Amino acid sequence: RHGQNMEQFMPFMKDFEKIANKENFVYIGKPIDGIAFQPDEIKFIEFKTGSSALTNKQKDIKLLINSKKISWHEIRL
């Protein structure tokens with residue numbers, strides 16, 4: 001529970017700026033905490049506290065990202 005509360009404040013921590021600009025960060029919450037849309041890169045970000053580990057779903061997402069299995073889809077109504 002402590003970790004879930006901290007996640008929402010992480011973009012405002014000093015060390016976050018080393019990873020991404022907080023103005024470009026969009027909080028999602030599940031299954032990953034958020035995405036930072038940088039000018040030259042899109043970063044998927046997961047916050048962890050203490051000894052917490054990635055869930056199986058988060059591990060699967062990490063594998064897909066690292067394997068470059070990402071695509072763009074546009075839906076028009």
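## Conventions

Two strands are treated as paired if DSSP finds at least two bridges between them. Helices (H or I, at least four residues) and strands (E, at least two) are DSSP runs, numbered from the N terminus. The structure is a predicted model, in which local features need pLDDT of at least 70 and side-chain atom pairs count only at pLDDT 80 or more, whereas totals for chains, interfaces and linings use all residues. Residues are numbered from 1 along each chain as its sequence is written, and side-chain values use heavy atoms, with hydrogens and water left out.

## Overall architecture

The chain contains two helices and three strands, arranged along the sequence in the pattern α-β-β-β-α. Of its 77 residues, 21% are buried (under 20% relative accessible area; exposed means over 50%, and partly exposed lies in between, with a 1.4 Å probe and protein chains only).

The accessible surface of the chain is about 6,600 Å², and carbon and sulfur atoms contribute 56% of this area. Accessible areas come from the Shrake-Rupley method with a 1.4 Å probe; for residues, only the protein chains shown count as cover. Among contacts (heavy atoms within 4.5 Å) with a separation of 6 or more, 25% are between residues 24 or more positions apart.

## The sheet

Three strands form an open sheet in the order E1-E2-E3, with antiparallel pairing. Because E1 and strand E3 (42-45) stand at the edges with a single partner strand each, one side of each has no neighbour in the sheet. From one strand to the next, the twist averages 20° (axes are lines fitted to C-alpha atoms, for helices over the stretch in contact, and angles run from 0 to 180 degrees between N-to-C directions).

E1 and strand E2 (residues 34-37) run antiparallel and are joined by three bridges. Val26, located in strand E1 (residues 25-27), stands opposite Ile35 in E2.

## Surface patch

Val26 is partly exposed because its relative accessibility is 42%. Together with Ile28, Phe37, Ile42, Phe44 and Ile70, Val26 forms a nonpolar surface patch with about 550 Å² of accessible area. Patch members have over 30% relative accessible area and no salt bridge; like charges are joined within 9 Å, and nonpolar side chains (Val, Leu, Ile, Met, Phe, Trp, Tyr) within 5 Å. A salt bridge is a side-chain nitrogen of Lys or Arg within 4 Å of a carboxyl oxygen of Asp or Glu.

## Backbone features

Lys30 and Pro31 are joined by a cis peptide bond, with omega about 0°. Pro31 is placed in the loop between E1 and E2.

Lys68, in the segment after helix H2 (56-66), has a positive phi of about 60° although it is not a glycine. Lys68 counts as exposed because its relative accessible area is 70%.
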